[in-house]
Amino acid sequence: DSILEELLQGAEVLVHLAFVLMRLPGVRPEEIEKQNVRDARAVFEAAARQGVRKIIFTSSVVAYGLHPDNPVPLTEESPLRPNEGLYYGRAKAAIERYLDEFEKEHPAIVVARLRPCTVVGLRADPAQMASLVNPTSILVRGANPLYQLVYEDDVAQALYLAIRKDLPGAYNVAGDAPLTLRELAELRNGRVITLPHFAVRALMGALWRMGRSPFAPEWTDLLRYPLIVSNEKLKRAGWVP
């Protein structure tokens with residue numbers, strides 16, 4: 001929108017938070033991916049035209065990909081291997097690849113990339129929180145990966161730190177001491193049901209199509225594979241989770 005140029009006039013820092021996270025039934029994943037990538041690029045290019053000095057992009061640990069051979073922990077130097085079947089990770093990784101070229105074209109602009117894990121808290125995404133506090137947890141049989149969370153105020157502090165200080169490059173934003181999905185359920189005295197992967201995917205798909213869950217079936221791999229990142233780099237910059 002043309003108003004974007006007006007809003008950015010005189011701005012020193014742009015914090016990019018906007019993203020379509022959840023896919024609605026009837027919407028193709030490719031449409032969401034295209035919208036997320038296209039709109040982010042438009043915002044960054046407008047910022048460059050308006051002389052913004054710093055861009056902070058909230059990427060995601062999902063850009064690393066959900067794979068059985070993921071090292072524990074992943075570091076900022078780990079390659080981005082987004083899953084072919086998960087539009088969200090593909091879009092985050094695509095924007096980061098675009099930023100690689102953007103930084104070369106605009107060396108005077110500081111570009112910080114924050115990669116948060118699952119954000120929790122009183123004001124966190126209600127659908128995300130519901131999946132973590134429901135009395136019953138559905139787990140994939142034979143899988144019990146570690147799961148990492150970060151508190152919403154800690155994410156805000158990370159963003160504030162990147163505004164105050166120049167933090168070029170990528171930084172993982174995640175809490176300490178990850179727990180397994182089963183341990184998270186046990187902490188709240190929840191009931192755990194295990195099903196084969198195909199059954200969990202079918203159940204997630206059915207609940208999603210009925211509007212009972214925001215998670216499309218492509219998110220099932222979150223229940224199967226570890227996605228644990230090191231937060232040491234951000235700590236060295238002064239962040240305390």
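Is serine 230 buried or exposed? I started there, keeping in mind that this is a predicted model. Serine 230 comes out at 14% relative accessibility, so it counts as buried, since the cut-off for buried is under 20%.

Next I checked where it sits. Serine 230 is in the loop that runs between helix H7 (197-209) and helix H8 (232-236). Setting aside residues up to four places away in sequence, I found serine 230 touching Pro73, Leu74, Thr75, Glu76 and Asn172.

Then I looked up the nonpolar cores. The largest one has 46 residues, and Leu227, Leu234 and Trp239 are among those with the most contacts inside it. Elements giving two or more residues to this core include helix H3 (87-105), strand E3 (110-116) and helix H5 (152-164). H5 gives the most, with five residues. I also noted a second, separate core of 18 residues, which includes Ala47, Ala91, Tyr98 and Ile109.

I went back to tryptophan 239 for its contacts. Leaving out neighbours within four places in sequence, tryptophan 239 meets Asp154, Gln157, Ala158 and Leu161, among others. Val173 and Leu234 are also on its contact list.

Last stop: helix H2. Helix H2 covers residues 29-49, 21 residues in total, and spans 31 Å from first C-alpha to last, close to the expected 30 Å. Its buried residues include Ile32, Asn36, Val43 and Ala47. Among the elements covering the buried residues of H2, I listed helix H1 (3-8), strand E1 (13-16) and H3. After H2 comes glycine 51, with a positive phi near 80 degrees.

Terms used:
Residues are numbered from 1 along each chain as its sequence is written. This is a predicted model: local features need pLDDT of at least 70, side-chain atom pairs count only at pLDDT 80 or more; totals for chains, interfaces and linings use all residues. Side-chain values use heavy atoms; hydrogens and water are left out. Helices (H or I, at least four residues) and strands (E, at least two) are DSSP runs, numbered from the N terminus. Buried means under 20% relative accessible area, exposed over 50%, partly exposed in between (1.4 Å probe, protein chains only). Contact means heavy atoms within 4.5 Å. A nonpolar core is a set of buried Ala, Val, Leu, Ile, Met, Phe, Trp, Tyr and Cys residues joined through side-chain atoms within 4.5 Å. The expected span of a helix is 1.5 Å times one less than its number of residues.
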